[in-house]
Amino acid sequence: MDDDLLDELNTPDGRRTTRHELLVAALLHLMSQYTVNNADACDRASGDGPCVKLASVIERHLNALARLPDADPVLRATCEQLSVKWAALVDRGLPAPVKRPLLARILGPGRPSLAT
């Protein structure tokens, strides 16, 4: 490994820059995986949509980058905007809640259901 790189990593500024770069690199990798997985699911026509868990992880990484106080303002603003879009994507990908009849909700899970 290059000695200059080791010196840079040992300085406070170097660690901060490296942390940002690692988060961006991880985010790019996750987004690539999401795209590949989405394309594979479409090719298979299996009905499986894109992975909601992976989209959620991407959204959390975007939030982390948007909240770094020493990150470039353009990077923070971009990540904040993308985070909102990925959060909406995650919300759309979540399964719809199961709707139970009103009487079944009132009676609760331990009581016999009136639905037939």
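Me: In which helix is leucine 103 found?

Reply: Leucine 103 belongs to helix α5 (residues 102-107). Helices (H or I, at least four residues) and strands (E, at least two) are DSSP runs, numbered from the N terminus. This is a predicted model, in which local features need pLDDT of at least 70 and side-chain atom pairs count only at pLDDT 80 or more, while totals for chains, interfaces and linings use all residues. Residues are numbered from 1 along each chain as its sequence is written, and side-chain values use heavy atoms, with hydrogens and water left out.

Me: How many helices and strands are there in the protein chain?

Reply: The protein chain has five helices and zero strands. Along the sequence the pattern reads α-α-α-α-α.

Me: Why is leucine 103 called partly exposed?

Reply: Buried means under 20% relative accessible area, exposed means over 50%, and partly exposed lies in between (1.4 Å probe, protein chains only). Leucine 103 has a relative accessible area of 46%, and therefore it is partly exposed.

Me: Which residues make the nonpolar surface patch?

Reply: The patch is made by Leu102, Leu103 and Ile106, and its area is about 310 Å². Like charges are joined within 9 Å, and nonpolar side chains (Val, Leu, Ile, Met, Phe, Trp, Tyr) within 5 Å.

Me: What makes serine 83 count as buried?

Reply: The relative accessibility of serine 83 is 5%, so serine 83 counts as buried. Serine 83 lies in helix α4. Leaving aside neighbours within four places in sequence, serine 83 is in contact (heavy atoms within 4.5 Å) with Glu59, Leu62 and Asn63.

Me: Why is the pair of tyrosine 34 and tryptophan 86 called edge-to-face?

Reply: The structure holds one aromatic pair. Its rings, those of tyrosine 34 and tryptophan 86, have centres 5.0 Å apart and planes at 75°, so the pair is edge-to-face. By definition, rings of Phe, Tyr and Trp (its six-membered ring) pair if their centres lie within 6.5 Å; planes under 30 degrees apart count as stacked, over 60 as edge-to-face and the rest as tilted.

Me: Which parts of the chain does this pair link?

Reply: The pair links distant parts of the chain, with tyrosine 34 in helix α2 (residues 12-44) and tryptophan 86 in helix α4 (residues 73-93), 52 residues apart. Both tyrosine 34 and tryptophan 86 are buried.

Me: How many disulfides are there by the rule?

Reply: A disulfide is a covalent bond between the sulfur atoms of two cysteines. The rule asks for a pair of cysteine sulfur atoms within 2.5 Å, and by this rule the count comes to zero. As for burial, cysteine 79 is at 3% relative accessibility and so counts as buried, whereas cysteine 51, at 34%, is partly exposed.

Me: What places valine 57 among the partly exposed residues?

Reply: Valine 57 has a relative accessible area of 23%, and therefore it is partly exposed. Valine 57 is in helix α3 (residues 52-66). From C-alpha to C-alpha, valine 57 and methionine 31 are 9.7 Å apart in space, and in sequence they are 26 residues apart.

Terms used: Patch = residues over 30% accessible without salt bridge, like charges linked within 9 Å, V, L, I, M, F, W, Y side chains within 5 Å. Areas by Shrake-Rupley, 256 points an atom, 1.4 Å probe, with all protein chains shown as cover. Salt bridge = Lys/Arg side-chain N within 4 Å of Asp/Glu carboxyl O.
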